[in-house]
Every structure is written in structure tokens, then in C-alpha cells.
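Student: Hi! I'm new to this one and would like a walk through it. Can we look at it together?

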Amino acid sequence: MLQPERGLRLAGKVAIITGAAAGIGRAAAVLFAAEGARVVATDIGSVETPGDDWLVLRHDVADEAQWVAVFEAAIERFGRVDILVNNAGISAAVPVPLAEVALEDWRRVLSVNLDGTFLGMKQAMQKMAGQGGAIVNIASVHGFVAAANTAAYSTSKGGVTMLTKVGAVEGAKMVPPVRVNSVHPGYVETALVAARFAQRPERRNHVEQATPLGRLGVPAEIAQAILYLASDESSFVTGSALTVDGGYTAI
Ligand SMILES: NC(=O)c1ccc[n+]([C@@H]2O[C@H](COP(=O)([O-])OP(=O)(O)OC[C@H]3O[C@@H](n4cnc5c(N)ncnc54)[C@H](O)[C@@H]3O)[C@@H](O)[C@H]2O)c1
């Protein structure tokens with residue numbers, strides 16, 4: 001039997017994705033483009049593009065002026081912004097107990113992960129007013145459950161979890177609405193995690209054992225969840241926190 005023809009899931013949409021040079025952001029950018037989106041790929045480092053049709057911008061998400069410039073450039077090139085994926089994130093350079101966290105390191109993680117998400121949402125809410133849109137914030141399982149030696153990271157992700165809900169409540173009142181949701185990955189094979197496991201190899205074993213599916217995820221598996229929340233298929237979903245963790249938080 002013939003399947004009904006299905007259109008591209010993000011046809012006609014313009015999407016800004018931060019931290020798009022690597023890992024989860026990269027996978028989301030590639031998937032979004034394959035689903036018909038015009039992609040604005042931003043990163044503090046350089047982004048390799050598969051073609052001329054991506055707008056690539058250098059962008060430190062912790063800097064408000066750079067956020068203004070990113071939205072202006074996106075609108076100048078593509079006319080509008082429909083989707084924002086706040087993906088850029090860092091963890092502390094060295095995992096240490098709370099009692100030893102340097103204030104400077106605490107502020108660095110909070111400034112990228114939490115300030116960066118807030119600043120992006122602020123611009124998106126302004127620019128999506130009167131047209132609607134979707135914001136997807138990449139939090140973490142550590143926005144829900146703690147791990148030792150992750151004070152700044154886990155706190156930043158807890159903040160992103162709540163900021164998402166505030167944004168959702170405000171965005172729901174906008175006409176058309178701006179939907180705001182968060183994705184909460186478990187452990188995923190990316191540079192961020194590789195760096196952590198390089199410092200403590202026994203940690204990989206522990207994580208695999210603590211994950212019911214028995215393995216780490218891959219970036220493409222997180223990108224699928226981001227795609228769902230960014231697309232019109234999730235039109236009645238806002239304020240939700242979608243866990244994609246191989247069951248890590250189920251036990
Ligand atoms: N990998 C995991 O296991 C995991 C688990 C839960 C949540 N996350 C979250 O997913 C997101 C992506 O993580 P990843 O694992 O793909 O990381 P990654 O390190 O592979 O990629 C992160 C990207 O963000 C960029 N970046 C860093 N600081 C930036 C800044 N100030 N401004 C703009 N870009 C910046 C980096 O250059 C890099 O390209 C992060 O928010 C992370 O906290 C990851």
C-alpha cells in the first residue's frame with residue numbers, strides 16, 4: 001500500500017541554533033536543514049557548513065549585544081525567525097566539590113548556560129511577537145537530578161528548566177503563541193562528555209550501568225526530540241520538559 005506523501009517537517013521555517021559547530025547542536029542543524037528549515041548556525045567557534053544556504057555566525061551566547069546582532073542578521077537574510085534552539089552549553093573545566101568551586105568558574109558556567117538561554121529567549125520573544133514561534137532549550141537530566149561535583153552545571157540546567165516554564169506561560173498569551181519547551185538529554189557521546197570521561201574513565205562505566213538502555217546516546221537521537229518540539233507537530237505542547245536519557249532518570 002502506498003504511504004501518503006509527507007512534506008518536510010520544517011518547510012519554510014527559519015531556525016537559529018546555537019552551539020551548532022559540534023555535538024547536539026550540529027546534529028540538530030543538519031536534521032533541521034534536511035527537514036526544510038533555513039538554518040542560522042551560530043557558535044563561539046567556527047562552523048563548517050554543508051553548503052551556502054546556511055547563515056553561519058560567530059556568537060558568544062553570554063553577550064547580549066551579539067544576540068541582537070544574530071537576530072538582525074537572520075532577519076536581514078531570511079526575513080523572519082520561527083525557531084530558536086538554545087543549545088550552546090559548557091560544563092566546569094574541572095569537576096570539584098561545591099566547597100572548592102571558584103566563583104569565577106561558577107559565573108562562567110552560569111553565564112553561558114543560563115544567561116545565554118535567557119538572552120536568546122528575550123530576543124526571540126521580541127522578534128516572534130505577532131508571528132508566533134517555537135523555542136527549544138537544551139537543559140539536561142541534571143536540571144532534575146543532581147550529580148556530585150556539578151554545582152554550577154546542574155544549577156544552570158535547573159534554571160533553564162524553570163525559565164522554560166516561565167517563557168511558556170508568557171508565550172502562550174501571545175497571538176499567535178510562542179511555544180517554549182526544554183529537552184533533557186542524559187549522557188550523550190559528544191566532546192563535552194568525552195572531556196569529562198577523559199578525566200575520570202571509571203565514570204563512563206558507571207553511567208552505562210546507571211542507564212537502563214545500557215549505553216550513552218548519540219547526538220542524532222537528541223536532535224529528533226528537538227525537531228519534534230520545534231515543528232508544528234507539537235502545536236499543543238508548551239512548558240514541557242522532554243527527557244531523552246535512555247531511562248537514566250526512570251530509576
Ligand atoms: N553531551 C551530553 O551528554 C549532554 C547531556 C545533557 C545536556 N547536554 C547539553 O547539550 C548542549 C550541547 O552539548 P554538547 O554535548 O553537544 O556539547 P559540545 O561541547 O559538543 O558542543 C557545544 C558547542 O557549544 C559551543 N559553545 C560553547 N560556549 C559557547 C558560547 N559561549 N557561545 C556560543 N557557543 C558556545 C562550543 O563551541 C560547541 O561547538 C549543552 O547545552 C549541554 O549542556 C549535553
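Tutor: Happy to; we'll go through the ligand site, the core, the salt bridges and a few backbone details. Keep in mind that this is a predicted model.

Student: Let's start with the ligand. How many residues surround the ligand, and which are the closest?
Tutor: There are 28 residues around the ligand, and the closest are Asp43, Asn87, Tyr153, Val188 and Thr190.

Student: What is 2.8 Å from the ligand at asparagine 87?
Tutor: A backbone N or O atom of asparagine 87 sits 2.8 Å from an oxygen atom of the ligand. Valine 188 also uses its backbone, with a polar atom there 2.7 Å from a ligand oxygen. For threonine 190 it is the side chain, where an N or O atom is 2.5 Å from an oxygen atom of the ligand.

Student: And how much of the ligand's area does the protein cover?
Tutor: The protein covers 90% of the 830 Å² of accessible area that the ligand has on its own.

Student: Which helices supply residues to that shell?
Tutor: Helix H1 (23–34), helix H4 (151–172) and helix H5 (191–199) each bring at least two residues to the shell around the ligand. H5 gives the most, with three residues.

Student: What classes of residue make up the shell?
Tutor: By class, the shell around the ligand has 17 nonpolar, eight polar and three charged residues.

Student: While we're at H5, is alanine 195 buried or partly exposed?
Tutor: Alanine 195 is located in helix H5. Its relative accessibility is 41%, so alanine 195 counts as partly exposed. Alanine 195 and serine 234 are 39 residues apart along the chain, and their C-alpha atoms are separated by 34 Å.

Student: Okay, new topic. Which residues touch the most other members in the largest nonpolar core?
Tutor: That core has 29 residues, and Ile17, Phe32, Val39, Val183 and Ile226 touch the most other members. At least two residues of this core come from each of E1, H1, strand E2 (38–43), strand E4 (83–86), strand E5 (133–138) and H7. H7 gives the most to this core, with seven residues.

Student: How about salt bridges, how many are there?
Tutor: The count comes to eight salt bridges. As background, side chains of opposite charge can pair when their charged atoms come close.

Student: What does aspartate 232 pair with?
Tutor: Aspartate 232 meets lysine 13 in a salt bridge, at 3.1 Å from N to O. The two belong to distant parts of the chain, 219 residues apart: aspartate 232 is in the loop between helix H7 (219–230) and strand E7 (241–244), and lysine 13 is in the segment before strand E1 (14–18).

Student: Why does lysine 13 count as buried?
Tutor: Because its relative accessible area is 17%, and buried means under 20%.

Student: Which residue does lysine 122 meet in a salt bridge?
Tutor: The partner of lysine 122 is glutamate 64, at 2.8 Å from N to O. Lysine 122 lies in helix H3 (residues 103–128) and glutamate 64 in helix H2 (residues 64–78), so the pair ties together parts 58 residues apart in sequence. Lysine 122 is partly exposed at 32% relative accessibility, and glutamate 64 is partly exposed at 34%.

Student: Last topic: the backbone. Which residues does a cis peptide bond join?
Tutor: A cis peptide bond joins valine 175 and proline 176, with omega about -10°. Proline 176 is in the loop between H4 and strand E6 (178–185).

Student: And what is phi of asparagine 149 near?
Tutor: Phi of asparagine 149 is near 65°, a positive value in a residue other than glycine. Most residues other than glycine have a negative phi, and most peptide bonds are trans. Asparagine 149 is in the loop between E5 and H4, and at 28% relative accessibility asparagine 149 counts as partly exposed.

Note on methods. Residues numbered from 1 in each chain as written. Predicted model: local features only at pLDDT ≥ 70, side-chain atom pairs only at ≥ 80, totals over all residues. Heavy atoms only, no water. Salt bridge = Lys/Arg side-chain N within 4 Å of Asp/Glu carboxyl O. Helix = DSSP H or I, 4+ residues; strand = E, 2+ residues; numbered from the N terminus. Buried < 20%, exposed > 50% of the residue type's maximum accessible area, 1.4 Å probe, protein only. Near = heavy atom within 4 Å. Polar contact = N/O pair within 3.5 Å; in protein donor to acceptor, adjacent residues only side chain to side chain. Areas by Shrake-Rupley, 256 points an atom, 1.4 Å probe, with all protein chains shown as cover. Nonpolar A, V, L, I, M, F, W, Y, C, P; charged D, E, K, R; others polar. Core = buried A, V, L, I, M, F, W, Y, C linked by side-chain atoms within 4.5 Å.
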